[in-house]
Structure formats: structure tokens, C-alpha cells
Amino acid sequence: MEHARKAIYNLFGGEPLSYTRFSLARQPDGDSSHVEMKLSAEDEEGGENGVIDHIHTPPAKPRKTNRHLCCVSSVAVLVFFAGFLFGYLSFRTRTPEPRECANGLEPCKSAQCVDADEPARPEGQVRGPEPEPMLYWSDLQNKLAEKLDGISFQPKIRRISAASHEAGSGADEDLANYVYSEFGSYNLGDVWKNEHYVRVQVPGSSPNVISLETRSGTRETLDASKAYVAYSATGAVAGKPVYANFGRTEDFNVLREKKISVNGTIVLVRARMIPFAEKVANAQKLGAVGVLIFPSPTDYRGLEGDVAQFGHVHLGTGDPFTPGFPSFNHTQFPPAESSGLPRIPVQTISCSAASKLFSRMSGIACPTRWSVPFSANCRLESGDPGVNVSLQVNNAFVERRILNIFGVIKGFEEPDRYVVVGAQRDSWGPGAVKSGVGTAILLELARAVSQLVKNEGYKPRRSLVFASWSAGDFGAVGATEWLEGYAATLHLKAFAYINLDSAVAGTGDFRFSASPMLKQLLKEAITNVKEPRFLDNTLPSKEVPFRMDNAGFAFLAYSGIPSVSFSFTNVGGSEYPHLSTTEDTLDNLLDYFRSGDHLDTTVRAAAEIAGRMAVRMTHDHELYLDFNSYDDKLLDFVRRLLPYNKDLQGMGLHLRWLLVARGDFSRATNALKTAIQNTDLYNKVACRALNDRIMKVEYHFLSPYVSPKDTPLRHIFFGSGPHTLQALVDHLSLLKTNKSAFDEDLLRNQLALATWTIQGAANALAGDIWDIDNEF
């Protein structure tokens with residue numbers, strides 16, 4: 001009030017004015033022109049006993065003048081101005097004075113600074129609550145970049161990739177303890193371990209041997225590498241060699257067109273393009289008795305000729321001997337085995353061994369695009385029935401205890417909602433790219449975000465969970481077992497997963513796999529990244545399908561949690577040549593990048609992209625998940641079915657109900673958008689209710705009509721099995737390509753389940769049951 005008195009005093013030229021009073025008392029005759037104004041402080045003292053005298057003027061006859069109107073207007077303006085000034089000065093008195101940091105050299109920008117004139121507090125005395133700091137997204141983004149700027153990731157990569165650390169080994173446990181210790185040093189909210197007991201396959205007591213037999217009876221050993229393929233069938237097989245390029249379905253179709261049978265043969269395929277497990281499944285389906293996989297110099301430039309790769313051939317994720325349920329030591333399920341395990345032996349061989357084998361083949365010439373650089377005469381088969389390949393696989397199964405390590409930064413408003421950021425820790429071989437880069441990024445992100453919370457006043461609304469997985473080399477085993485172990489609750493709490501595995505495997509290009517709900521977030525996260533600068537408007541062309549052995553695939557297809565995985569690669573998407581070999585060392589990685597600074601710059605860019613996505617999803621009121629994206633996915637699916645409409649009508653079927661389900665989903669997304677626009681997102685209860693609907697969109701695309709135990713990958717877009725939308729389209733295509741293989745009853749079942757899964761997702765998104773239009 002004193003501020004207001006002084007301001008009015010100055011305004012009126014130094015007259016000590018205290019207040020303004022006016023009265024517009026209605027007179028009996030209806031005249032309201034009686035005005036009392038008190039402007040002088042001296043007048044306050046004029047009455048007897050200190051009471052203010054009021055001067056009453058007898059009512060005057062109405063005159064033809066506007067004087068009373070001018071007086072009323074003047075008083076109104078003066079009152080408005082005085083009220084405004086009083087309110088402004090009152091606000092200023094409540095605004096805290098600028099504070100100085102303890103060193104007195106700069107303005108205070110931290111919640112932990114002290115007032116310059118504040119007396120020292122006795123030791124142990126606690127300061128009262130500070131005003132909540134305002135951190136806008138742009139400020140937070142810049143602060144995150146500052147925390148990562150100047151960091152060299154090389155020491156951590158070297159520490160992690162110092163030696164081979166296969167899942168469940170002593171070296172892997174040592175690294176688990178290292179990650180646990182690092183998380184603890186960052187003062188995270190909680191750090192804990194999670195253990196599983198899994199069965200993995202390792203080399204047996206004797207090496208696997210591949211040999212070439214000729215008509216004359218001579219036997220030549222082609223390879224006896226220490227590399228092996230996990231989950232291969234064991235035993236000895238023999239057959240003539242057949243070359244099938246990358247082992248894709250289209251490659252085997254080429255062989256069929258050329259009248260080359262795969263039945264009873266040992267198939268030779270190049271690594272890359274698709275996972276080992278898919279190559280083997282395709283060959284096994286056509287009757288092959290064994291598979292050999294080699295790295296072509298065309299695809300792995302710089303890899304030594306005598307180096308073979310490591311891989312696995314389980315067509316699935318997790319421990320194949322506990323399909324659909326977790327591998328906890330106290331779990332005593334009856335013996336089970338994944339249907340994704342192959343029934344034929346498989347082995348990787350070096351480029352040199354493959355070259356020897358090609359030199360003995362003299363059959364039909366390869367298509368030009370199938371050629372390999374080490375063979376002048378690429379052939380599809382041996383050409384000589386006396387030439388056979390013999391394969392002996394002696395792998396053995398063992399039970400291993402594996403550790404997943406977790407750290408969490410808890411949210412301030414919704415700690416029970418969290419985004420998970422994870423990386424594989426184990427590796428067959430040193431694993432600088434396979435596990436070192438991702439784990440180094442994971443650790444530095446945990447440190448950086450913790451500093452944002454501890455030192456910069458950031459208060460994330462939701463929690464961030466940092467996860468270090470074991471047994472990733474065996475098919476995302478650690479991540480999948482964790483998902484299976486907490487399947488009942490994770491889909492209610494975890495709303496996104498960011499995968500860091502092999503996030504930097506080259507330079508000059510970029511590849512990603514993602515749920516449609518996270519593509520827009522990724523697009524914004526890569527915008528204005530300092531280096532590299534080639535990402536600008538090319539993101540849509542960089543998408544590739546999720547690999548089944550990617551941990552993000554398990555989160556998406558098994559648990560229905562939106563996931564994203566990305567990697568810096570070489571131009572054209574070619575793979576890092578030393579990946580999954582004993583040559584995957586930091587020194588080779590530095591040679592590949594030609595400078596340590598270049599490597600750190602690229603790793604830092606990957607860390608910044610992942611950090612932006614993770615922090616953004618804990619910063620905004622509304623979950624940054626693009627639920628509208630599935631409208632386009634469903635529309636594309638319906639368009640792919642339309643060419644078969646007449647065929648369906650011939651069977652008494654139609655697409656009407658499917659179209660209705662798709663329309664209901666579209667209307668539900670529009671209704672949710674409207675609800676978000678009309679909701680006060682600062683209302684925590686209302687905001688959480690909306691976010692609950694958003695975060696469950698992905699989950700409701702898991703088919704409820706198949707068993708999680710028998711068919712774990714239930715997602716109708718990204719899963720595996722006859723319940724998926726792709727399986728429905730493929731089955732319909734048989735009407736035009738192979739009608740004898742078409743099964744009408746199966747189609748009816750597929751169409752019904754697809755329709756009701758989509759309708760269920762629409763109903764769930766719509767909200768309450770009274771908001772659902774179910775007039776079929």
C-alpha cells in the first residue's frame with residue numbers, strides 16, 4: 001500500500017494524496033449528480049474529533065449542461081487508473097527480488113542459489129520451498145545439449161569392449177556391476193538388478209566342421225572357425241551345395257523358376273538383409289538339410305577373409321525354452337520349446353571358405369545381381385552330383401544366470417508412468433559397436449538427465465527408466481524375459497521404449513524402425529541436431545522394418561508398447577563390417593571413422609536424439625504419442641483388400657464390417673483430438689485420463705483372440721502368425737497365385753478376428769462405453 005501512496009503522491013506533483021472517494025447517491029428526484037470527492041490529505045483532519053466533514057450541497061435544479069457527466073467520467077477514469085496502479089504495485093511487492101549466486105558474480109539461475117542479503121543459516125537448517133522453476137522445452141533441449149557437449153564416449157566404450165563378454169559369463173557380470181555402480185554414482189532415484197535363468201547355446205567340446213567331399217572320395221576341410229550360430233540343431237548332415245543369395249523368399253522363388261530344387265541340399269547364403277533366423281526358416285521350409293552363412297566382401301568391405309560372424313537362429317525373441325512366460329528360477333513350468341527353433345544344423349563360415357566352395361561349383365550361372373566378387377563364375381549349384389558338403393555341428397546348451405540392471409529418475413507428478421531407454425550389454429566378442437556404443441550412450445544419458453534434475457531445476461512429470469540388458473546377442477533375451485515377467489502391469493505403466501543398440505555403426509546415413517506413434521517425435525528430435533547435417537527432410541526414406549532380434553520389436557509386438565530404434569550407418573545403409581565378429585574393437589571403430597573426434601561427434605548426436613525423445617515425453621502435459629498415425633495404417637490395409645472384394649462376395653463375405661471398424665477408429669481419434677483441445681491440461685486428473693487413453697492405443701492392437709503363451713507376438717501389424725493383417729493379405733493373394741493352397745475356413749477366421757481386434761481398439765480409444773457407437 002505504501003508503494004501506491006508514493007506513486008499517487010508523485011503523480012499529482014507532490015501533493016500528499018491518500019485516497020480518492022466518490023459517491024453517486026441517488027436523490028429522491030432521481031438525480032445522481034451529487035458527487036463527493038476527497039483528494040487532500042489535509043481534509044482528513046478537518047472534522048471534529050478527527051471525523052471527516054462532508055460538505056452537502058443542496059440539490060440544484062437541472063440545468064442544460066453536461067458538467068455532471070464530465071465529473072462522473074473523470075472520476076471513473078481516475079478510479080480505473082488508481083486500481084490498475086495499485087494492482088501492479090501489489091504484484092511487484094510479491095515478486096521476489098533478483099538473487100545472486102553464492103559467488104556474487106552472476107544472476108541466480110539455479111533453484112539452489114541463495115539471496116545475496118540473506119543471513120547465513122545455522123548448519124542443518126532447511127530452507128523453505130522454492131518457487132517451481134519454469135523450464136520450457138526449448139530451454140530444456142539446450143541444457144541437455146550442454147550436458148552432452150564436450151563428452152568423449154571413448155573411455156566408456158573401451159571399458160565395455162575390453163574383452164568378450166558373452167551373456168551370463170563372468171565378464172558380463174563384471175560389466176553388470178560396473179553399470180550398477182555408474183548408475184549409483186549419478187544419484188538416480190533407485191538402482192536395482194533383475195535376474196533370470198535362461199538356456200543358451202554355446203560351442204561344444206569339439207569345433208564345428210565344414211568339409212567338401214568330391215567324387216574321388218577326397219575330403220577337404222573348408223572351415224573350422226570358433227564362430228558359431230546359437231540355437232542351431234546339432235548333428236551331421238551332407239548334401240549338394242545350392243546358392244540362394246540372401247535367403248529371402250524372393251531369392252528362393254528365383255531358384256524355383258530355374259528348376260533348382262532345395263530339398264535335401266545344404267544352402268549357401270550371404271549374411272545381411274534379413275536375420276539369420278529368417279534365412280534358415282525359409283530354407284528349412286523347402287526341405288534343406290543345412291545352411292551355411294557367409295559375409296560377402298560386397299556387403300562387408302574391410303572384413304578380413306578368414307573371419308566368420310556370430311549369430312542366432314531362433315525365429316522369435318526371449319528364451320526359446322520358456323516361450324510366452326518368464327525365465328525366473330522359481331518358475332516350474334512343464335518342459336516347453338519355441339516353435340521358432342530350427343530343426344536343421346546351421347553354421348557361419350568365412351569369406352575364404354565360401355570362395356573355396358564356389359570354386360567347386362559348376363552348375364547354372366547366377367543372376368548378375370547375385371554375383372560375389374571372389375568368384376569369377378558364380379554358380380547356383382554344384383553341377384556335379386559327386387560334389388557334396390558335409391556339416392557337423394557340436395554346439396551344447398547350458399543354463400546361465402543373466403542380470404538386467406536398472407536405474408530410474410522418478411517423475412514428480414506421475415512416477416508410475418515411464419519411458420524406458422535401454423541398451424544391450426553382452427557381446428560375443430569385444431562388441432564395441434554391438435554393445436559398447438549403446439551402453440556408453442545409456443550411461444551418459446542417465447548422467448545428463450540426472451544433472452538436469454539435480455542442478456537445473458527440471459522436474460519431469462513422468463519417470464525415466466534406464467535399462468542395461470543381458471543376452472541381447474541371443475535374441476533380446478534379457479529384455480523379453482523382463483517384459484514377460486511383468487506383463488500384467490507394464491502395459492499400464494510403460495508408454496514408450498527407446499532402443500540404443502548399435503546406435504552408431506557408420507557415418508553418412510541414418511536408418512530407423514519405429515511404431516507409427518513415435519515417428520513424429522523422432523522427426524522433431526533429429527531437427528537441428530548440430531552434426532551430422534544430412535538428416536534434414538529425408539527421414540521417411542530411412543525407415544526399415546523392425547528386426548525380430550531387436551529389443552524394440554519385443555516391446556512393440558509382445559507388450560504393445562510403442563518403440564523406436566535408430567542407427568547411424570554408412571551411405572546406402574551398409575553394415576559396419578566388423579559387427580558380430582571378434583574384430584569388433586574400439587581400435588577398428590576408430591580406424592573406420594578415421595578420427596576420434598568424428599566418432600565422438602556422431603555418438604553425441606545419437607545420444608542427443610535419444611535424450612530429446614526421452615525428456616520430451618516426460619516434459620509435456622500431453623503424451624507425445626501420435627495416435628492419429630494408425631488411421632493411415634488401417635486405411636492402407638483396407639485398400640490392399642479391395643481388389644479381392646469380388647472374390648470375398650463369391651464366398652458370401654464382404655468388407656462392410658471391417659470398413660465400419662476402421663471408420664469407428666477414425667472417429668474415435670477425432671473425438672480424442674477434440675477432447676484434448678477442450679481440456680485444461682493443467683488439471684492433473686483430466687490430463688491423466690486423456691493420457692491413459694493415448695498410451696493404450698498400441699496395446700489394443702495386440703490380438704485378444706490368440707494365446708500370449710502360444711503366440712507371444714500378438715500385434716496385428718508387427719507380430720507374427722496367422723492373426724496378423726499381413727498374414728490375411730498374404731492368404732488372400734493365394735486366390736490369384738496358388739488357389740489350391742487357399743483355405744476358406746481359415747480366411748473367415750482371419751477376417752473376423754482382424755475386424756474385431758480393430759473394433760476393440762476403436763472402442764477402447766473412444767473412452768466410456770456410452771461414447772461408443774455400436775449400431776452394427
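Cys-351 is buried, at a relative accessible area of 12%. Buried here means under 20% relative accessible area, exposed means over 50%, and partly exposed lies in between, for a 1.4 Å probe and protein chains only. The model is predicted, so local features need pLDDT of at least 70, side-chain atom pairs count only at pLDDT 80 or more, and totals for chains, interfaces and linings use all residues. Residues are numbered from 1 along each chain as its sequence is written, and side-chain values use heavy atoms, with hydrogens and water left out.

Cys-687 counts as buried, at 7% relative accessibility. The structure holds one disulfide, a term for a pair of cysteine sulfur atoms within 2.5 Å. This disulfide joins Cys-366 to Cys-378, with an S to S distance of 2.1 Å. The link of Cys-366 and Cys-378 is left-handed, with -70 degrees about the S-S bond. Both Cys-366 and Cys-378 lie in the loop between helix 8 and strand 11, so the pair ties together parts that are twelve residues apart in sequence. Helices (H or I, at least four residues) and strands (E, at least two) are DSSP runs, numbered from the N terminus. Cys-366 counts as buried, at 13% relative accessibility. Cys-378 counts as buried too, at 8%.

Two strands pair if DSSP finds at least two bridges between them. Strands of a sheet pair through backbone hydrogen bonds, either parallel or antiparallel.

Strand 2 (residues 209-213) pairs with strand 11 (residues 388-393) in the antiparallel sense over five bridges. Leu-212 stands opposite Val-389 in strand 11. Ile-210 stands opposite Leu-391 in strand 11. Strand 2 also runs antiparallel to strand 3, to which four bridges join it. There, the bridge partner of Leu-212 is Glu-220 in strand 3. The hairpin of strand 2 and strand 3 has five residues between the strands, and Gly-217 takes a positive phi near 95 degrees in it. Strand 2 is mostly covered, with four of its five residues buried.

Axes are lines fitted to C-alpha atoms, for helices over the stretch in contact, and angles run from 0 to 180 degrees between N-to-C directions. Contact means heavy atoms within 4.5 Å.

A further open sheet has four strands in the order 6-7-8-10, with parallel pairing. Its edge strands are strand 6 (241-243) and strand 10 (346-348), and each pairs on one side only. Neighbouring strands of this sheet are turned by 25 degrees against each other on average, direction ignored. Strand 8 (residues 290-294) and strand 10 pair in the parallel sense over three bridges. Val-291 stands opposite Val-346 in strand 10.

Helix packing was examined next. Helix 14 (residues 586-593) and helix 15 (residues 596-619) pack at an angle of about 95 degrees, with axes 8 Å apart. The two helices, helix 14 and helix 15, are therefore roughly perpendicular to each other. Angles of 65 to 115 degrees count as roughly perpendicular, those under 35 as roughly parallel, those over 145 as roughly antiparallel and the rest as oblique. In helix 14, Leu-586, Leu-589, Leu-590 and Phe-593 meet Gly-596, His-598, Leu-599 and Thr-602 of helix 15. By class, the contact of helix 14 with helix 15 has five nonpolar, three polar and no charged residues. Ala, Val, Leu, Ile, Met, Phe, Trp, Tyr, Cys and Pro count as nonpolar, Asp, Glu, Lys and Arg as charged, and the others, Gly among them, as polar.

Tyr-178 is found in helix 5 (residues 170-185). Tyr-178 counts as buried, at 16% relative accessibility. Leaving aside neighbours within four places in sequence, Tyr-178 is in contact with Lys-156, Arg-159, Ile-160 and Leu-443. The C-alpha atoms of Tyr-178 and Arg-159 are separated by 9.5 Å, and the two residues are 19 residues apart along the chain.
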